[in-house]
Amino acid sequence: MIAGGASSAAPRPQRRLMTEVPAAVTLHGVKKAFPLGNGRTLDALNIEHWAVSAGSCTVLTGPSGSGKTTLLNLIAGVSLPTAGTIAVHDTDISVLPEPRRDRFRAHHIGYVFQTFNLLSAFTALENVMLSMMFADAIPKPEQRRRAGEILARLGLAARLSHKPQQLSRGEQQRVAIARALANRPPLILADEPCASLDASTAREVLDELLSVCREAGTTLLVVSHESAVLAAGDQVIDITTINRPEYRVRFVERV
Amino acid sequence: MTILMVALKYLRGRFVASALTSLSVALGVSLVVASVLLSRGIQQGFIEGTTDYSLLVGAKGSPTQLVLNVVFRMDVPTPNISYSTYGQLRDDPRVEVAVPVAMGDAYQGYRYVATTGGYFAAFPWRRKTFAISEGRFFRDDPPEQPMYEAMLGADAARLTGLRVGDRFHEGEEMAEYPMTVVGILRSTNSADDRAIFFSLASYWEMNEVSRKMKVKPLTAVLVRPKRMSDLAGLHRGFNLTAETQAVFPSAVLLNIFNVLGLVDELVTIILAFVVLLVLLYLFVSMYSATLERKREIATMRALGARRATILGIVLLESCALAVIGGALEPVVFGGVVALGALAGLLPAVLAYRTEVAENLAPLS
């Protein structure tokens, strides 16, 4: 039922990807270091080159602490690299001033979290509409209808006016997916989207996510450990194969 | 969806905290407004009660006591002056109006004030006006035939329960000469509301019956000169005599206000603390709401909300709290909203500065 489910876990040569299909995300010489205080820094990321082909479903895996979420946050533009460029559909987001980066994210990137992160004061419908409000791309009278449509597509037609706490975990993650899709972004980032769900629900939610993305030709970049997710991806990348931080903890010489 | 709707949703989401915060704002504001109105009312009452007449002539002694006694019916009554002082003033060519006043006993604590119809006359320069709410004014009866007609101030009538036509007396010896209520005044918001007025003839007769007094005493004479330039001359003249003193009520009042000014300052300081307390409460409420919401804020940012949008939501929220609180106090509405915005500013900035990547994780 899932195309490409049988693809190997080994990363394909990246250069070939670059030339064959246009890239949704391209990283060049990206480094990310976190200050630890006392003049020490933690090198979390050092990626020379990496690209995600447009329209694909790429699964990013690797041990915890290997920089997967850090990488997602960099691609989403919620944090900035210490060095290097990050292009999302030919836009180098690392050089955009913050308000424009926010705007770009609202229009071009949908984010799905492990813990759903729905806003508890708002109904399912409002959670989706909030996303539209931030992007301000869909006319106001359209927003309610559109949000309803997306939720209905994910099987939540009867749950529109329910608050997150009135929904099951699977339903909550579906609302979060609907929210990520609200502005029809070309790229969706999902950080462990199934880790908080039981196996069968995880399977259902994953299928929904994959099918809506395929339908719309949306690029999907998923961070996951789960075998079901690994099996579903067009390609699976172990982050340790592309990320080679110089030192885990480095002492910066003080002048 | 608009950011105002988002802010209101958030407020509704923590209804009890929002309601309590609004209530505390409303209470604080009410306290401030009430105190300001009250102190303004007290000053106004003082000024309106005194400034119609520019000179007060009474017995030698303390000027403050004379003003407090004659105008506000407070303090110990001053000694009497003779009726001839009134005649002298009435016939003085520099005097436009002179009104004799005699003060004596009280009925159930409401001071007897004997005077003439002149006390209630509506002169063009008078700020204070008297109007009858029931019955009529008492008659200025001739000295030999006292009518014992009484007219009650609004509070005196209300609190003694006396109505037009009722008879009353104070002291056993007056039982044979009861007073008859002929009129009740409208409220003037001054000490006159607590007075019982009647004619000088009735007053003197009462003194004769109860104290076997044969003289015809007065407490003071209220004077309005024709020209303000004559005021100093009149003032000097009546201070030179052995029996009388003349005082400027407004000057005496100024002295009293100077003493009250200290109290006023203290009240202002207390009110400032009340305002501070309300702001602090509003601030703490918004601050904890923002802290609780760090993850939601980070999520909104990850969905593409700009810092300015988040700032707007938190500011609108604290403004809305202030609006709801201030709505109960329309007088100072604008000020409360401005203060509310101020109290919300720091939490809003905190929300504005929320780091997205650090707060998206479930454990933070």
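How many residues of chain A are in contact with how many residues of chain B? In this predicted model, in which local features need pLDDT of at least 70, side-chain atom pairs count only at pLDDT 80 or more, and totals for chains, interfaces and linings use all residues, the legends below take up that question first. Residues are numbered from 1 along each chain as its sequence is written, while chains are lettered from A and ligands numbered from 1 in the order in which they are written.

**View 1. The side of chain A that touches chain B.** Here 26 residues of chain A are in contact with 19 residues of chain B, two residues being in contact if their C-beta atoms, placed from the backbone, lie within 7 Å. The elements giving two or more residues to this side of chain A are α2 (68–76), α3 (98–108) and α4 (124–135) of chain A, and α4(A) gives the most, with seven residues; helices (H or I, at least four residues) and strands (E, at least two) are DSSP runs, numbered from the N terminus. The residues on this side of chain A divide into 14 nonpolar, seven polar and five charged, where Ala, Val, Leu, Ile, Met, Phe, Trp, Tyr, Cys and Pro count as nonpolar, Asp, Glu, Lys and Arg as charged, and the others, Gly among them, as polar.

View 2. Leaving aside residues up to four places away in sequence, Leu151(A) touches several residues, among them Ala124(A), Val128(A), Leu160(A) and Val175(A).

**View 3. Strand β1 of chain B and the strands paired with it.** All five of the five residues in β1(B) (residues 55–59) are buried, a residue being buried if 20 or more other C-beta atoms lie within 10 Å of its own, exposed if 12 or fewer, and partly exposed in between, with C-beta atoms placed from the backbone. β1(B) pairs in the antiparallel sense with β11(B) (residues 220–225) over four bridges, and four bridges also join β1(B) to β12(B) (residues 244–247), again antiparallel; two strands pair if DSSP finds at least two bridges between them. Val57(B) stands opposite Val221(B) in β11(B) and opposite Ala246(B) in β12(B).

**View 4. The two sides of helix α4 of chain B.** In α4(B) (residues 83–91), Thr85(B), Tyr86(B) and Leu89(B) are buried. They lie on the same side of α4(B) because they cover an arc of only 100 degrees around the axis, the arc being that of the directions from the helix axis to the C-beta atoms. On the other side of α4(B), Ser84(B) and Asp91(B) are exposed. The buried residues of α4(B) pack against elements of chain B including β1, β11 and β12.

**View 5. Asp90(A), a residue with positive phi.** Asp90(A), a residue other than glycine, has phi near 70 degrees and is found in the loop between β4 (83–88) and β5 (91–92) of chain A. Asp90(A) counts as exposed because it has 9 C-beta neighbours inside 10 Å.
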